[in-house]
Every structure is written in C-alpha cells, then in structure tokens.
Amino acid sequence: MDNALKEILWRQFGASIDMLNNAITRCPTACWDTDKKFWYNAYHCLFFSDYYLTLEPSHFSPPEPFSLSEFEDRMPERVYSKEELLTYLQFCRQKCRHLIGGLTAETAKSFWTNESKTMSYNVIEILLYNMRHVQHHAAQLNLLLRQEINDAPEWVYEAEDKL
C-alpha cells in the first residue's frame, strides 16, 4: 500500500484521537460524572474506536477493566476514571497507528463486517468511519466543556508523531 496514503490516514486519524485526548484531559473532576455523563461519552467513543480497529470483529474484547456493556445496550457497571479512559485512549491510539502502519494492499481491500452483518466496509472505509466517529464525540465533549467551564481545547491539525 502507498506509504504517502498511510501517512495521511495516520496524521488525520491521529489528530482526531489527540483531540479526544485533549478533551478528556481538560475535563475537570466536577464535570466528569454529572447528568451529562462526560465520562460515558468518552468511554463510548473509545469502546467503539477499539472495536472498529479490530479487523476480526467477532474476536473483539476490550481490555480490562472494560466490559461488553456497549453491545448489551446498558451502562457500564461503574464510572470509569479519567486515568482509566486516558490509558484506554493510548491503547486505541497505538492500535490505530499499528493498523495503519501495517496496511498492505490486500488488507486495505479486505472487508470489516460485524457479526450481525449490518455493517460491511472495506478496511479503508471503516478507518474513515471510525475517524468520523472519534471526531464527532471529541466535538461533543468540547461542547460540554464550553457549556460547563467556558473552555475547550484547540483544534489539532495533525498527529504530532509520524507513522
């Protein structure tokens, strides 16, 4: 697969993840677990980011201490801490970087299909879908920060690190 395309994908996807990181980091303790559920919106985003980065979705299992509650349409058993979610974010960031860096022409043309077969995208498209999902939630979290503390992180143009 073309290295320039992989670099472009990483710079932009990495930037979306970095924006999510900045929003989670900026959230004060007083806003973490309110009726607006900042922590849960961040967790939901990370859970599905991890899932969409799993080339064999039927083998997906989130790392400890997280569960499959998102697939069961229920809230997690407890509130996850900022530190737990930032650790999960770094896990997802590395998984994304590794996936994009290791893309081959064959992998890029293969399909990511969920178990219920309601979603079926080639790997490049699921990466773009996932990046849009991350950016959507990063924007939601930034809006919550603006509403709660009248502050939010700046725009990130591209991932700081190279592929």
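Which helix gives the largest share of the lining of the largest cavity? In this predicted model, the answer is α6, which supplies three residues of that lining. The structure holds one cavity of 30 Å³ or more, and the largest cavity has a volume of about 40 Å³. Around this space stand Cys31, Thr34, Lys36, Phe38, Leu144, Leu145 and Glu148. Sorted by class, the lining of the largest cavity has four nonpolar residues, one polar residue and two charged residues.

How can empty space be found in a structure at all? Rolling a probe the size of a water molecule over the atoms shows where empty space is left.

Next comes the largest pocket, which holds about 170 Å³ of space. Its lining is made of Phe48, Tyr51, Tyr52, Pro57, Ser58, Phe60, Leu68, Phe71, Asn114, Glu115, Ser116 and Met119. Eight of the residues in the lining of the largest pocket are nonpolar, three are polar and one is charged.

A pair of aromatic rings is described by the distance of the centres and the angle of the planes. The count of aromatic pairs in this model comes to 23. One of them joins Phe48 and Tyr52: the ring centres are 5.8 Å apart and the planes meet at 35°, so the pair is classed as tilted. Both residues belong to helix α3, where they sit four residues apart, about one turn of the helix.

Are Phe48 and Tyr52 buried or exposed? Phe48 has a relative accessibility of 12% and therefore counts as buried, because the cut-off for buried is under 20%. Tyr52 is also buried, with a relative accessible area of 6%.

Tyr52 forms an aromatic pair with Tyr129 as well, and this pair is edge-to-face, with 5.3 Å from centre to centre and 85° between the planes. Tyr52 is in helix α3 and Tyr129 is in helix α6, so the pair ties together parts that lie 77 residues apart in sequence. Tyr129 is partly exposed, and its relative accessible area is 25%.

The next topic is the nonpolar core. The largest nonpolar core has 49 residues, and Phe13, Leu20, Ile24, Tyr43 and Leu127 touch the most other members. At least two residues of this core come from each of α1 (3-26), α2 (29-32), α3 (38-52), α4 (82-101) and α6 (123-149). Helix α3 gives the most to this core, with 11 residues.

Which residues does Tyr43 contact, leaving aside its neighbours within four places in sequence? Tyr43 is in contact with Phe66, Ser67, Ser69, Glu70, Pro76, Tyr80, Leu85 and Tyr88.

The last stop is Trp155, which has its place in the segment after α6. Trp155 is exposed, with a relative accessible area of 53%. Not counting residues up to four places away in sequence, Trp155 touches Met19 and Gln135. Trp155 and Met19 are 136 residues apart in sequence, while in space they are 7.0 Å apart, C-alpha to C-alpha.

Notes:
Residues are numbered from 1 along each chain as its sequence is written. This is a predicted model: local features need pLDDT of at least 70, side-chain atom pairs count only at pLDDT 80 or more; totals for chains, interfaces and linings use all residues. Side-chain values use heavy atoms; hydrogens and water are left out. On a 1 Å grid over the protein atoms alone, a cavity is a set of points where a 1.4 Å probe fits but cannot get out, and a pocket is an open set with protein on both sides within 12 Å along at least five of seven lines; lining residues have an atom within 4 Å of a point. Grid points are joined across faces, edges and corners, and a volume is the space filled by probe spheres set on the points. Ala, Val, Leu, Ile, Met, Phe, Trp, Tyr, Cys and Pro count as nonpolar, Asp, Glu, Lys and Arg as charged, and the others, Gly among them, as polar. A nonpolar core is a set of buried Ala, Val, Leu, Ile, Met, Phe, Trp, Tyr and Cys residues joined through side-chain atoms within 4.5 Å. Buried means under 20% relative accessible area, exposed over 50%, partly exposed in between (1.4 Å probe, protein chains only). Contact means heavy atoms within 4.5 Å. Rings of Phe, Tyr and Trp (its six-membered ring) pair if their centres lie within 6.5 Å; planes under 30 degrees apart count as stacked, over 60 as edge-to-face and the rest as tilted.
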